[in-house]
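Q: Can you walk me through this one? I'd like the helix packing and the chain contacts.

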Amino acid sequence: MRQAKGFREAHFAVCPLVTSNVRSAAEGAGARIIVTLPATSRIPPQTARPSRPGFMNRFANPGQFMRLSSVLLPWLSGAAVLTLTVGIIWGLFYAPADWQQGDTVRIMYVHVPMAWLASLGYFSLAVCGALSLIWRHPLADLAALEIGPVGAVATFICLATGSLWGEPMWGTWWVWDARLTSVLVLFFLYLGHIALIRAFDEPARGYRAAAILAIAGAVDLPIIKFSVQWWNTLHQPDSITLTGAPTMSMTMLAPLFICMAGFSLGFAAVVMARLRAALMETRARQLLSRRHADREAA
Amino acid sequence: MKRGLTRKTRRLWLVVFCLGGLGITTALVLNAFSSNIVFFMAPSQVRAHPPGSDRTIRLGGMVVAGSVKRETEGETPIARFDVTDGQAAIPVRYAGILPDLFREGQSVVAIGEMKGDGSFRASEVLAKHDETYMPKEVAEALKRSGKWDPRFGKAPDAASWDTMTRAEARQMDTKTAQAGG
């Protein structure tokens with residue numbers, strides 16, 4: 001019984017995600033997710049004004065997302081595996097060693113993409129937060145729920161590989177310089193987001209609190225980016241800048257870019273797969289709770 | 001006229017203003033603590049504002065070419081070298097094993113304290129590599145052709161070497177060797 005109640009609560013919380021689009025979902029032929037509202041819904045009735053889906057809500061319909069992603073996901077995963085295989089093999093075996101760092105420089109082919117994804121992941125969390133708070137985008141909250149752990153893993157790998165790189169080169173596993181510290185702060189922001197978004201019995205509250213945290217935490221992103229310019233740090237400044245020629249040999253830059261593309265595609269594929277799983281789980285719970293309710297009514 | 005503001009627009013502006021306010025606050029705080037956020041002091045800064053004796057500071061700069069002297073006291077290796085930022089140089093003494101990247105012309109960060117005679121006693125030395133990454137062959141070619149001496153600092157403008165492949169570098173190297181020999 002308790003469990004059933006939990007199911008129903010989760011169901012209700014998801015309802016606002018879906019109600020606004022019930023009509024369009026129902027209109028779309030072959031929509032896989034069609035939610036029938038229970039009679040006891042606590043959701044206030046939608047305003048009478050018929051809303052045409054604008055730019056922001058065009059992809060807001062979970063059914064549409066499921067259809068689009070079922071086509072996109074295999075391609076995305078395939079492209080990620082292919083690109084990563086090429087990039088990693090090129091980077092680890094064929095790219096030259098650095099003239100003073102030797103083979104240790106190959107840590108770069110994992111470290112740099114992870115650092116990039118750590119920032120990009122948090123930026124997308126902040127975008128999801130804004131979409132959720134301002135536009136009440138129905139998929140944004142679920143996306144934030146699923147991006148968080150993936151971004152946190154990327155940040156952790158970035159910190160770990162950086163530490164492994166720092167020991168032989170700098171002579172230390174860790175220093176409290178501005179770059180390292182601001183990335184550690186980003187890692188804690190991720191952990192806070194992951195905890196906060198799941199902290200409430202009523203999911204909508206967690207979504208809202210986490211959205212605010214995501215937007216506020218985005219202040220850390222420019223600090224990470226410019227820390228190596230604003231203050232002197234042990235970490236070196238960026239090799240790739242908008243203004244000058246990259247201070248990295250093209251023979252290393254090419255595999256690095258391929259690795260970055262590969263890891264980014266992989267990141268997108270993992271997030272998309274998680275989001276699909278979350279939507280399917282929501283749907284399964286709705287069906288279960290409805291069956292439960294029916295049985296109780298009978 | 002104001003009724004044109006929809007709830008969405010109002011929420012958008014609210015978020016924008018809050019983020020702006022938070023950003024400005026953070027900027028002011030970071031600016032105020034800026035001297036604590038910097039990881040090291042340059043030799044000229046240390047000379048201009050000498051820290052109290054026995055206060056641990058981090059001294060950062062480039063190892064002066066030709067200044068490195070290594071000796072051993074019993075089992076411990078002792079290294080003496082000068083660290084400069086181009087304006088001032090401070091002699092450093094360090095007992096212990098230096099990191100692999102330590103060399104003349106390399107940037108280093110030494111942790112320790114200033115002595116009364118104006119020298120620096122380091123308890124730890126970290127190597128700070130710069131943002132240049134190049135294959136050994138390219139570095140050799142640049143060195144042999146006289147375009148770069150790593151002992152005197154940074155690599156030449158990246159545009160002059162970053163598209164050079166290893167084969168080209170080897171070719172250039174043989175040419176320089178032939179011209180020289």
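Q: What should I know about the model and the numbering?
A: It is a predicted model; local features need pLDDT of at least 70, side-chain atom pairs count only at pLDDT 80 or more, and totals for chains, interfaces and linings use all residues. Residues are numbered from 1 along each chain as its sequence is written, and chains are lettered from A and ligands numbered from 1 in the order in which they are written.

Q: Which residues of chain A does UniProt list as "transmembrane region"?
A: The unreviewed entry gives 72–94, 114–135, 147–166, 178–197, 209–232 and 252–275. Positions follow the numbering used here, feature names are shortened, and annotations may be inferred rather than shown by experiment.

Q: How much helix is there over residues 72–94 of chain A?
A: That span is 100% helix and 0% strand, with end C-alpha atoms 32 Å apart. Residues 178–197 of chain A are also 100% helix and 0% strand. Their end C-alpha atoms lie 28 Å apart. Helices (H or I, at least four residues) and strands (E, at least two) are DSSP runs, numbered from the N terminus.

Q: Which residues of chain A does the "domain: Cytochrome c assembly protein" annotation cover?
A: In the unreviewed UniProt entry, residues 64–235 of chain A. The span is 78% helix and 0% strand, and its end C-alpha atoms lie 45 Å apart.

Q: On to packing. At what angle do α5(A) and α6(A) pack?
A: About 150°, with axes 9 Å apart. Axes are lines fitted to C-alpha atoms, for helices over the stretch in contact, and angles run from 0 to 180 degrees between N-to-C directions. So α5(A) is roughly antiparallel to α6(A). The cut-offs: under 35 degrees is roughly parallel, over 145 roughly antiparallel, 65 to 115 roughly perpendicular, and the rest oblique.

Q: Is the crossing of α5(A) and α6(A) left-handed or right-handed?
A: Left-handed. A crossing is left-handed if the near helix is turned anticlockwise from the far one by less than a right angle, and right-handed if clockwise.

Q: Which residues of α5(A) and α6(A) meet?
A: Among them are A:Gly148, A:Ala152 and A:Phe156 in α5(A), and A:Phe187, A:Tyr190 and A:Ile194 in α6(A). Two residues are in contact if their C-beta atoms, placed from the backbone, lie within 7 Å. By class, the contact has 15 nonpolar, four polar and no charged residues. Ala, Val, Leu, Ile, Met, Phe, Trp, Tyr, Cys and Pro count as nonpolar, Asp, Glu, Lys and Arg as charged, and the others, Gly among them, as polar.

Q: And how far apart are the axes of α5(A) and α9(A)?
A: 9 Å, at an angle of about 140°. That makes α5(A) oblique to α9(A). The crossing is right-handed. Contact residues include A:Glu146 and A:Val150 of α5(A), with A:Arg274 and A:Leu275 of α9(A). The contact has 12 nonpolar, no polar and two charged residues.

Q: Switching to the interface. How many residues of chain B are in contact with chain A?
A: 38 residues of chain B, against 39 of chain A. On the chain B side, α1(B) gives the most, with eight residues. That side has 21 nonpolar, eight polar and nine charged residues.

Q: Which residues of α4(A) and α1(B) meet?
A: A:Ala130, A:Leu133, A:Ile134 and A:Trp135 in α4(A) meet B:Lys8, B:Arg11, B:Leu12 and B:Val15 in α1(B). The axes come within 8 Å and cross at roughly 140°.

Q: Last one. How is chain B divided?
A: Into domain 1 (2–35), domain 2 (43–128) and domain 3 (136–180). These bounds come from an automatic or database domain assignment. The centres of domains 2 and 3 of chain B, over C-alpha atoms, are 30 Å apart. Four residues of domain 2 of chain B touch four of domain 3 of chain B.
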